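Please keep the structure open as you read.

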Amino acid sequence: MKKVSIKGFPIYNGVVNDGAIIEIPIPADLVELALDKSQDEGAKWDLMCSKLPEYGFMNPIGKMSIEKISIDGEWKDFH
C-alpha cells in the first residue's frame, strides 16, 4: 500500500494563510480513493475527504488550500 499525505495552507474566513502549513497523512483505508484516476475521481476525492474526520483528521474541503501531495515520500504539485 502506498503512503500518501497532503500538504497546504489553512483557509480562515475565506483567506488562505500561507504563514502556516497543514499536513494530513491519508489513512491506508482511504489511499485508493485519494489516488483514483477514473472518471469519478472528483467524487472519490470528495468521499475520501469526507471520511477523514472518522480517522481524527479534518475534512480539508473549504478549510485548506492543498498545494502538494506525497506518494511514497515523493512530493508533487497537487494541481
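1. D36 has a relative accessibility of 15%, so D36 counts as buried. The classes run as follows: buried means under 20% relative accessible area, exposed means over 50%, and partly exposed lies in between (1.4 Å probe, protein chains only). D36 forms a salt bridge with K44. The closest N and O atoms of D36 and K44 are 3.3 Å apart. K44 counts as partly exposed, at 28% relative accessibility. A salt bridge here is a side-chain nitrogen of Lys or Arg within 4 Å of a carboxyl oxygen of Asp or Glu.

2. **Where the numbers come from.** This is a predicted model, in which local features need pLDDT of at least 70, side-chain atom pairs count only at pLDDT 80 or more, and totals for chains, interfaces and linings use all residues. Residues are numbered from 1 along each chain as its sequence is written, and side-chain values use heavy atoms, with hydrogens and water left out.

3. **Confidence.** pLDDT is the predictor's confidence in each residue, from 0 to 100. The protein chain has a mean pLDDT of 96. In that chain, 100% of residues reach 70 or more. Confidence is lowest in helix α2 (residues 41–51), with a mean of 95. It is highest in strand β3 (residues 22–26), at 98. Helices (H or I, at least four residues) and strands (E, at least two) are DSSP runs, numbered from the N terminus.

4. **The partners of β1.** Which strands does β1 pair with? Strand β1 (residues 4–12) is joined to β3 by five bridges, and the two run antiparallel. Here K7 stands opposite E23 in β3. β1 also pairs with strand β4 (residues 64–71), in the antiparallel sense, over seven bridges. V4 faces I71 of β4 as its opposite residue. Strand β2 (residues 15–16) is joined to β1 by two bridges, again antiparallel. The bridge partner of I11 in β2 is V16. Two strands count as paired if DSSP finds at least two bridges between them.

5. **The hairpin turn.** β1 and β2 form a hairpin with two residues between them. N13 sits in the loop between β1 and β2. Its phi is positive, about 55°, although N13 is not a glycine. N13 has a relative accessible area of 69%, so N13 is exposed.

6. **Another positive phi.** D72 lies in the loop between β4 and β5. The phi of D72 is near 50°, a positive value in a residue other than glycine.

7. **The other salt bridges.** The structure holds three salt bridges. One of them joins the side chains of E41 and K37, at 3.9 Å from N to O. E41 is partly exposed, at 36% relative accessibility. K37 is exposed, at 71%. D77 and K68 also meet through their side chains in a salt bridge, at 2.6 Å from N to O. D77 is exposed, with a relative accessible area of 53%. K68 is partly exposed, at 32%.

8. **The aromatic pair.** The structure holds one aromatic pair. The ring centres of W45 and F78 are 5.1 Å apart and their planes meet at 45°, so the pair is tilted. The pair links distant parts of the chain. W45 is in helix α2, F78 is in the segment after β5 (74–77), and they are 33 residues apart. Rings of Phe, Tyr and Trp (its six-membered ring) pair if their centres lie within 6.5 Å; planes under 30 degrees apart count as stacked, over 60 as edge-to-face, and the rest as tilted. W45 counts as buried, at 15% relative accessibility.

9. The side chain of N59 reaches the backbone nitrogen of I61 at 2.9 Å. Not counting residues up to four places away in sequence, N59 touches C49, S50 and P53. Contact means heavy atoms within 4.5 Å. F57 lies in this loop too. F57 is partly exposed, with a relative accessible area of 28%. Leaving aside neighbours within four places in sequence, F57 is in contact with I24, P25, P27 and L52. F57 and I26 are 31 residues apart in sequence and 8.9 Å apart in space, C-alpha to C-alpha.

Notes. A polar contact is a pair of N or O atoms within 3.5 Å; within protein, one must be able to donate a hydrogen and the other to accept it, and residues adjacent in sequence count only if both atoms are side-chain atoms.
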